[in-house]
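Visitor: Could you walk me through this model? I'd like to go residue by residue first and then zoom out.

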Amino acid sequence: VCSSGILVRAGSRAFSRRELESFLWPDVEPETASHRMRQTLLNLRHLGVPVETVGKTKLRISPEHATSDFENMLAEPSRIERSPAAHFAILSHYTPSLSDEYADWTAAKKREIGSRLETPLLAIVSAHRLKASWDEVESLALALLRLAPFNEEATLALAEAHAMRGAKLEAFRILDSYLAEVGEAN
């Protein structure tokens, strides 16, 4: 599954088998890594993952065969608004231990996806603020803060949602906490 995730996120880019092997199994002998790659490809193909061979040494999944839900959301922003806020947790329980390289790659992809969703989510939060839909503001602001914990606009929207529903002390606590965290970061 790890290698299919890499291939899906790569789009039309083809990866060499050796590049994938060293990425997924950096501390393994080349013969063992090559065997693992063959087994992985066999398993992926049995699962119906359309892994293509490009030339003799490269692999890819054609973009028309593999998309990600967040790319579909970005292509059609109305899908973002229709999605429950919980759907914006990006691989929240996935902490790979395959290799440090893969863990770093996964963390970078989570940050990339989060930053790409940030702008459309902020626009939706702003629209709900204008409509005084405070439950929606709170839900979306919390989702946004899971993606970008120091997002000032999402923090202010969350505090405003609490204040407008009568929880002024909670609103102040949110702001105080944010100011303390930002102060520590500087």
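Visitor: Let's start with A132: how exposed is A132?

Guide: In this predicted model, A132 is partly exposed, because its relative accessible area is 42%, and A132 sits in the loop between α6 and α7.

Visitor: What about the phi of A132?

Guide: The phi of A132 is near 60°, which is a positive value in a residue other than glycine. Most residues other than glycine have a negative phi.

Visitor: And which residue takes a positive phi in the hairpin of β2 and β3?

Guide: That is G55, with a phi near 70°, in a hairpin that has three residues between the strands.

Visitor: Since we're at the strands, in what order do they lie in the sheet?

Guide: The sheet is open and is formed by three strands in the order β1-β3-β2, with antiparallel pairing. β1 and β2 stand at the edges, and each has a single partner strand, so one side of each is left without a neighbour in the sheet.

Visitor: What packs on the sheet?

Guide: Helix α3, residues 30-46, packs there and touches β2 and β3, while its direction makes about 130° with that of β2.

Visitor: How many bridges hold the strands together?

Guide: β3 is joined to strand β1 (residues 15-16) by two bridges, and to strand β2 (residues 51-54) by four. K58 in β3 is the bridge partner of S16 and also the bridge partner of V54, while L59 in β3 is the bridge partner of T53.

Visitor: Switching to the helices, where is T106, and is it buried or exposed?

Guide: T106 lies in helix α6, residues 100-130, and T106 is buried, with a relative accessible area of 4%. Not counting residues up to four places away in sequence, T106 touches Y94 and P96.

Visitor: How many aromatic pairs turn up?

Guide: A search of the whole structure finds one. The pair consists of F23 and W105, whose ring centres are 6.2 Å apart and whose planes stand at 90°, so the pair is edge-to-face. The pair links distant parts of the chain, since F23 belongs to helix α2 (residues 17-24) and W105 to helix α6, 82 residues apart.

Visitor: Now the largest nonpolar core: which residues touch the most other members?

Guide: Those are I80, L117, L121 and V137, in a core of 24 residues. α4 (69-75), α6, α7 (134-147), α8 (152-164) and α9 (168-185) each supply at least two residues of this core, and the largest share, seven residues, comes from α7.

Visitor: What is V137 in contact with?

Guide: Leaving aside neighbours within four places in sequence, V137 is in contact with V125, H128, R129, A157 and A161.

Visitor: And what does the second core include?

Guide: That core is separate and has 13 residues, among them L20, F23, L24 and A33. F23 is also a member of the edge-to-face pair with W105.

Visitor: Zooming out, how many helices and strands does the protein chain have?

Guide: There are nine helices and three strands, and read along the sequence they follow the pattern α-β-α-α-β-β-α-α-α-α-α-α.

Key: Residues numbered from 1 in each chain as written. Predicted model: local features only at pLDDT ≥ 70, side-chain atom pairs only at ≥ 80, totals over all residues. Heavy atoms only, no water. Pairing = 2+ DSSP bridges. Buried < 20%, exposed > 50% of the residue type's maximum accessible area, 1.4 Å probe, protein only. Contact = heavy atoms within 4.5 Å. Core = buried A, V, L, I, M, F, W, Y, C linked by side-chain atoms within 4.5 Å. Axes fitted to C-alpha atoms, helices over the stretch in contact; angles between N-to-C directions. Phe/Tyr/Trp six-rings, centres within 6.5 Å; stacked < 30°, edge-to-face > 60°.
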